[in-house]
Amino acid sequence: MRKGKIQGGYAYTHASYRDADGEVLAERWTVHGLGHARSGSSPDGSCTGTKGPDASAEIMRFFQERRYRD
């Protein structure tokens with residue numbers, strides 16, 4: 001688990017869940033103080049939080065890093 005803070009924004013906790021071989025299976029991001037909003041979204045939208053980690057970028061990173069098995 002690691003903790004961080006976006007400069008001028010929210011603090012967050014990032015946890016990775018691994019299998020017995022050490023492969024990351026899932027991640028959990030908790031953005032402290034964000035409330036019920038989507039982190040890293042455009043300020044033009046509703047229910048957005050622009051001062052946190054970019055949720056869309058982290059979702060893309062997660063899936064791009066995974067090895068897919070048949």
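Analyst: By class, the lining of the largest pocket has 8 nonpolar residues, 2 polar ones and 3 charged ones, where Ala, Val, Leu, Ile, Met, Phe, Trp, Tyr, Cys and Pro count as nonpolar, Asp, Glu, Lys and Arg as charged, and the others, Gly among them, as polar. The model is predicted, with local features needing pLDDT of at least 70 and side-chain atom pairs 80 or more, while totals for chains, interfaces and linings use all residues. Residues are numbered from 1 along each chain as its sequence is written, and side-chain values use heavy atoms, leaving out hydrogens and water.

A pocket here is an open set of points on a 1 Å grid over the protein atoms alone, where a 1.4 Å probe fits, with protein on both sides within 12 Å along at least five of seven lines, and its lining residues have an atom within 4 Å of a point. Of the 13 lining residues, Glu27, Trp29, Ala55, Glu58 and Ile59 lie nearest the centre of the largest pocket. Strand 3 (24-32) gives the most to this lining, with 5 residues, and helix 1 supplies at least two; strands (E, at least two residues) and helices (H or I, at least four) are DSSP runs, numbered from the N terminus.

Glu27 also forms a salt bridge with Arg61 (2.5 Å, N to O), meaning a side-chain nitrogen of Lys or Arg within 4 Å of a carboxyl oxygen of Asp or Glu. Because Glu27 lies in strand 3 and Arg61 in helix 1, the pair ties together parts 34 residues apart in sequence. Glu58 meets Arg61 as well, at 2.7 Å.
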